[in-house]
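Reader: Hi! I'm new to reading protein models. Could you walk me through this one?

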Amino acid sequence: MSLIQTAKENGLEPRAYLQYLFEQLPQRDLSNAASWADCLPWSPTLPAHVRTPANPATP
């Protein structure tokens with residue numbers, strides 16, 4: 001649950017983010033923090049499809 005909340009707080013779509021993690025993490029050396037640091041919810045290098053679209057300003 002905290003992973004989902006953290007994703008939301010960082011402007012990510014939780015379902016897309018979790019799917020991205022499930023696809024990416026098995027391919028990485030998890031004993032090396034540098035190899036998975038770009039998967040953290042606050043990483044600026046996350047792909048656009050996991051980000052929540054910005055809400056247009058409402059009058």
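Author: Happy to; we'll go from the overall picture to a few single residues.

Author: This is a predicted model, where local features need pLDDT of at least 70, side-chain atom pairs count only at pLDDT 80 or more, and totals for chains, interfaces and linings use all residues. Residues are numbered from 1 along each chain as its sequence is written, and side-chain values use heavy atoms, with hydrogens and water left out.

Reader: What is the mean pLDDT of the protein chain?

Author: The mean is 88, and 90% of the residues reach 70 or more. pLDDT is the predictor's confidence in each residue, from 0 to 100.

Reader: Where does pLDDT stay under 50?

Author: Over residues 55-59, and there the model has 0 contacts beyond four places in sequence. Contact here means heavy atoms within 4.5 Å. Where pLDDT is low, the predicted coordinates should not be read in detail.

Reader: Okay, new topic. How many helices and strands are there?

Author: The protein chain has 2 helices and 0 strands. Both kinds are DSSP runs numbered from the N terminus: helices are H or I with at least four residues, strands are E with at least two.

Reader: And how much of the chain is buried?

Author: Of its 59 residues, 22% count as buried. Buried means under 20% relative accessible area, exposed means over 50%, and partly exposed is in between (1.4 Å probe, protein chains only).

Reader: Which residues make up the largest nonpolar core?

Author: There are 10 of them: A7, L12, A16, Y17, L18, Y20, L21, C39, L46 and V50. Helix α2 (residues 14-24) gives the largest share of this core, 5 residues. A nonpolar core is a set of buried Ala, Val, Leu, Ile, Met, Phe, Trp, Tyr and Cys residues joined through side-chain atoms within 4.5 Å. In soluble globular proteins, nonpolar side chains tend to be buried together.

Reader: Which residues of α2 are buried?

Author: P14, A16, Y17, L18, Y20 and L21. Their cover includes α1 (2-9). Take Y17: leaving aside neighbours within four places in sequence, Y17 is in contact with L3, A7, L12, C39, L40, P41, L46 and V50.

Reader: L12 keeps coming up. Where is L12 found?

Author: L12 sits in the loop between α1 and α2. With a relative accessible area of 1%, L12 is buried. Not counting residues up to four places away in sequence, L12 touches A7, Y17, P41, L46, V50, R51 and T52. L12 and H49 are 37 residues apart in sequence, and their C-alpha atoms are 8.9 Å apart in space.

Reader: What about charges: how many salt bridges does a search of the whole structure find?

Author: The search finds 1 salt bridge. The side chains of R28 and D38 meet in it, at 2.5 Å from N to O. Both R28 and D38 lie in the segment after α2, so the pair ties together parts that are 10 residues apart in sequence. The term means a side-chain nitrogen of Lys or Arg within 4 Å of a carboxyl oxygen of Asp or Glu.

Reader: Is D38 buried, partly exposed or exposed, and which is S43?

Author: D38 is partly exposed at 30% relative accessibility, while S43 is buried at 7%. S43 touches A37, D38 and R51, not counting residues up to four places away in sequence.

Reader: Last one: which residues is L25 in contact with?

Author: Leaving aside neighbours within four places in sequence, L25 is in contact with L30, W36 and C39. L25 counts as partly exposed, at 26% relative accessibility.
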